[in-house]
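Me: I am new to this structure. Please take me through it by question and reply.

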Amino acid sequence: MALEGEMVLKWEREQARLRESVKEEDTEDWQRSPDFSGLERVGGVDLSFIKGNDINACAHLVVLTYPHMKLLYEDCKMVTLNAPYVAGFLGFREAPPLLQALEKLKNEQPNLMPQVLFVDGNGLFHYREFGLACHLGVLSDLPCVGVAKNLLHVEGVLRSEEHHSQALRSSQSSTKPVYVSVGHRITLDTAVKLTHTCCLYRVPEPIRQADIRSREYLRCHVLTSDMG
């Protein structure tokens with residue numbers, strides 16, 4: 001328990017240090033365009049887990065065309081997570097393999113790097129204003145948007161734009177909202193508008209595609225392992 005306490009204190013200090021680097025403004029020309037002119041590639045990341053196994057996961061990165069949401073690139077890899085799950089510190093557990101996937105793309109096909117990354121999770125709407133979307137955004141230096149399917153109940157934080165989160169009914173067929181928050185290098189207003197344009201269903205297509213493909217890869221991996 002003492003070691004875990006020391007780890008959490010270390011993570012808290014690291015979050016506070018990285019939080020200072022988060023940019024809550026639009027840094028790209030396409031973000032200031034009414035129709036996002038100049039935006040051509042949107043990315044999405046996801047981790048899917050083997051049932052009953054919280055250590056081995058499938059890390060998936062997809063890059064889709066904008067605005068048509070056609071697949072340009074995908075990378076899928078089985079990974080072993082070394083950090084334990086601790087509420088509020090998801091970035092330390094899940095960011096490393098996702099950053100590796102982004103680095104691989106940058107090194108091998110830099111022309112396909114996403115201009116913005118959608119993350120299944122929160123950004124500034126977080127206990128210490130530094131969720132997974134912020135973690136990935138700062139360390140990759142990519143514009144990032146956090147999109148969560150469930151409202152994070154943060155003590156003392158109201159459901160308002162003032163606290164960096166906005167509920168969005170993302171498509172006409174969706175009955176449940178998603179919660180959009182700033183990750184890095186984007187304003188909340190731009191993040192919400194962009195999320196809306198990327199939704200064919202409830203969840204933005206980059207995240208939905210990464211999730212579907214990672215689960216399919218995982219199913220095939222488990223099936224192959226069972227046959228072996």
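Me: Which residues does H60 touch, leaving out residues up to four places away in sequence?

Reply: H60 touches G44, V45, D46, E74, D75, C76, L98, A210, R213 and S214. A contact means heavy atoms within 4.5 Å. Before we go on: this is a predicted model, where local features need pLDDT of at least 70, side-chain atom pairs count only at pLDDT 80 or more, and totals for chains, interfaces and linings use all residues. Residues are numbered from 1 along each chain as its sequence is written, and side-chain values use heavy atoms, with hydrogens and water left out.

Me: Why is H60 called buried?

Reply: Its relative accessible area is 2%. Buried means under 20% relative accessible area, exposed over 50%, and partly exposed in between (1.4 Å probe, protein chains only). H60 has 2%, so H60 counts as buried.

Me: What makes the link between the side chains of H60 and E74 a polar contact?

Reply: The two side chains are joined at 2.9 Å. A polar contact is a pair of N or O atoms within 3.5 Å; within protein, one must be able to donate a hydrogen and the other to accept it, and residues adjacent in sequence count only if both atoms are side-chain atoms. The 2.9 Å of H60 and E74 is within that limit of 3.5 Å.

Me: Where does H60 sit?

Reply: In strand β2, residues 56-65. Helices (H or I, at least four residues) and strands (E, at least two) are DSSP runs, numbered from the N terminus.

Me: Why is β2 described as largely enclosed by the rest of the structure?

Reply: Because nine of its ten residues are buried.

Me: How do you know that β1 and β2 pair?

Reply: Nine bridges link β2 to strand β1, residues 41-49, in the antiparallel sense. Two strands pair if DSSP finds at least two bridges between them.

Me: What joins β2 to β3?

Reply: Nine bridges, with the strands running antiparallel. L64 stands opposite L71 in β3. Their hairpin has five residues between the strands, where M69 takes a positive phi near 60°.

Me: Why does Y73 count as buried?

Reply: Y73 has 10% relative accessibility, so Y73 counts as buried. Its place is in β3, residues 71-80. Y73 and V62 are eleven residues apart in sequence, yet 5.6 Å apart in space, C-alpha to C-alpha. Beyond residues up to four places away, Y73 touches L61, V62, V63, L105, Q109 and L112.

Me: What makes Q115 buried?

Reply: Its relative accessibility is 17%, so Q115 counts as buried. Q115 lies in the loop between α2 (90-108) and β4 (116-120).

Me: Which backbone nitrogens does the side chain of Q115 reach?

Reply: The side chain of Q115 reaches the backbone nitrogen of E40 at 2.6 Å. The backbone nitrogen of R41 lies 2.9 Å from a polar atom of that side chain. Q115 also touches other residues, including W30, G38, L39 and P143.

Me: How many helices and strands does the protein chain have?

Reply: Five helices and seven strands. From the N terminus on, they run α-β-β-β-α-β-α-β-β-β-α-α.

Me: What share of the protein chain is buried?

Reply: Buried residues make up 51% of its 228 residues.
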